[in-house]
Structures are given as structure tokens and as C-alpha cells.
Amino acid sequence: MEKSGKGMNENMCALTKIMKYELRYLDGFPDFSAMQNAVWPLQRQTREILNRTIQEAYHWDYFSATKKKETGEYPDLLKETGYKRLDGYIYHVLSPDYPDFSSSGVNATIQKVWKKYKSSKADVWKGKMSLPSYKSDQPIVLHARQIKLSGDNRAAAATLSLFSNKFKKEHAISGNVQFAITLHDNTQRTIYQKLRNGEYKLSESQLVYDKKKWFLYLAYSFNPAEHALDPEKILGVDMGEKFALYASSFGEYGHFKIEGSEVTEYALALERRRRSLQQQARYCGEGRIGHGTKTRVGAVYREEDRIANFRSTINHRYSKALIEYAVKNGYGTIQMENLTGIKENLQFPRRLQHWTYYDLQSKIEAKAKEHGIAVVKVNPKHTSQRCSRCGHIAAENRPKQEVFQCVKCGYACNADFNASQNISIKDIEKLIQETIGANPK
């Protein structure tokens, strides 16, 4: 059994999320062009700092491993470098090479990749993965203190401190770049307002240049709202053929369900459209041949973006509705199927093999965490064949895809409802094993 979260009290720690805001240049340089010419080099320097941090960290670990092999002891970092922490030493080595960069920006960039290296170095040294590397056009990493928000929802703005005092003095400018923030929807407005009034706290963020526009990826942290949730009250969630989601709690008649037809019909239509465009690309006319493959298959890429956007949007909507139902009814735990290896298992419905079930489950888990709901993953094997009323397990209990009818006790109901009832039972895997024996067929 795989768990995400350890109970309501332990789940209620601060969460960090990101909101993307479109920017419009306001002030800070003589003109827009001068601003871009000053900021663009910071992208290149960001990439250099990221890659050099990885290299410095790896070189120290290699040096340490060599010393250990030669002397039997690891070298003392403080004696070797004069610094107690390796990331502090890396900042000491790199910062002089980037005199135009804000010291906070250099440090934030180093910390970003330093955390990644620490979490992955065990796999690197075991040969399970390569050292992380970074290409051009990297987002500019911003420490929270480099960002100052001003205005309200009618005139939102951000002032970014990107440059060092040396750079400001040499160019006789404030060195701060001011952007107007475009608030496209109520969600963006709400988050911005909560940042301004202190309900949310700014975290490490990013300045991004994409498709001739500047964007601010604002990271913010907050404590999830507390609800009267019972960790022992479990909501079982089944992903089935007819219903995208079917959720219920063992012994309760109430349930939550979402028809799967919207997913299936739209997704298959988009897939047919994509395949059609792929075939057309082989025989396209001069207008689409252009100067290479990118032009030829551009329409295919755009169609794939539409599919991905649809999936993400609908999964967001479905997961939001499910969590609202759980909160409203006091469920402190959600149990879902562990769908690892689903594509290799032909017993799973075709729709689940086609759909982005991992994305949907990930969104459910993320939203559950925001509300302090624990998420438990259970092995789905036999949950669709087990009678939630008497516990009898048999393939014959499913005479039709949508129908469950127990051949032992005669209990009949919707197959997805029955599966969700089973999934909602605490220690369901143990119960199933006890029923079928230690070596199920």
C-alpha cells in the first residue's frame, strides 16, 4: 500500500504553488529595448551559474571520494575551503564572475540547482542518471526579496531588483525594472490580492521570456484551510469505463460520479484529427513544406497542444469537484487505485489506457494536500470482482461491463459503485488476500 501524506495534522504544513502572470514593461530603463538588452544577458548568466554550480558540487564530491579512498577519511570542508557549507563556498567562487547580477539573484540561482543536485546525486553516483544540465533561455531565478508588488487588481505592478549596485552606478539607473501585471481571470486576481495583503507569502519565483512576451511565474506559500475532516472516514475513488470518476464510502449510499463520455468522445475526436494531420503532412503542398520538418508538422504540434490543454483543463475541473465533495462530507482520507503499469495490463479499460490518468490522480493528490486530506494508493486487483456486500470474489460477478451482480448473495448494483465501495475499505488489500489465499490466480 502506497501513501501520500501522513494524516491531517501532519499534512497541514505550508504549501507552495505557482501562478503565471503576463507582464507589460513600464519603467526602469530609457526604453523597452534598453531594458531587454540589459535583461537578456542575465538569462545566459543564469544558465552558466546553474551549470557551474552542478560542476562545482560534483567536483567536490569526486575530490571527497578520492580522499576517502586514499586516506580512509573524508576531507573537512571548512579546512579545505574556509566555508561550513558547500553552497556557501560555491557562491564565493562564482559571484565575482557575475558583477552585473544582483547578489540575491546569484544566490537564489545557486540554491535552486543546489537543492536539485542534493536530491539526485545518489542516483548520479550509482549511474542511474546523468548530471543535470541546462540549456539556453533559462528563466531568471528571483529571490522573494527581489520582488515588490504594488497597486491593486485594477493596476497591479511588480518591481524587480535584477541588477547589482555596481551595474546601477555604472549605468546611472535605479536598476529596478517595473512591469504592469495583467490579471486575466478571478483566480489570478484573488492570488495577487492575497499576496498584497499578506495572506500568501512570496517564494522563489522566475522571470521568463517566451514568444516575445515577458512572464512572471510567482511562487507563493500558504497554510491550507482547516476543515472538520475525519481521517478514519475514507472516500474510495474508482476510475471506470462509463464513469471518469465514481466515489463512495463503504456502507454509505451517497456517492459522487462524473460521466466519462465527455473525456472519451472529445479525446478520441482530437486523436483522429491529429492522426489525419500526420498523414496529410506527408503529402502537404508547398505552403506547409516550408524550410523543414518544423513547418511541415506544425499543425500536428498545435493539435497535440490542444489535446494536452483539454486534458489538463478537464482533469483540473474533475479533481476540484471531487475534493469539494470530500471536504463537504468530512472525508479525511481518499483511497485510489495504484495504476502503475496500467498500459501493460490489458484487463484495464481501454479508456484508462488512453487517458492521462496519472495527471488526474496527481491533481487529486495536490488538491487533497491543500485541504489536509490524506491520499492512499491501493492495488486495484480484484476490487471490481469483489462483492462489497458479502466479500465473494469471482469473475462471474461481472456479467456486463457496467453491471455487478454477485453470484453468491445476489447483490446487484452499478459496477463502478461496487468497485468504489471496495476501494474505500481500510486494508482492502489484506481482506482480498485473505479471501483468495496467499497465491491468487
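Helix 4 crosses helix 5 in the right-handed sense (the near helix is turned clockwise from the far one by less than a right angle). The model is a predicted one, in which local features need pLDDT of at least 70, side-chain atom pairs count only at pLDDT 80 or more, and totals for chains, interfaces and linings use all residues. Residues are numbered from 1 along each chain as its sequence is written, and side-chain values use heavy atoms, with hydrogens and water left out.

The axes of helix 4 (residues 86-94) and helix 5 (residues 103-125) come within 10 Å and cross at roughly 135°; axes are lines fitted to C-alpha atoms over the stretch in contact, with angles from 0 to 180 degrees between N-to-C directions. Helices (H or I, at least four residues) and strands (E, at least two) are DSSP runs, numbered from the N terminus.

Turning to strand 13 (residues 331-337), 7 of its 7 residues are buried, so this strand is largely enclosed by the rest of the structure. Buried means under 20% relative accessible area with a 1.4 Å probe, protein chains only. Strand 13 runs parallel to strand 10 (residues 230-238), joined by 5 bridges, with Val237 opposite Met336; pairing requires at least two DSSP bridges. Strand 14 (residues 374-378) also pairs with strand 13 in the parallel sense over 5 bridges, and here Ile334 stands opposite Val375.

Conventions:
Buried means under 20% relative accessible area, exposed over 50%, partly exposed in between (1.4 Å probe, protein chains only).
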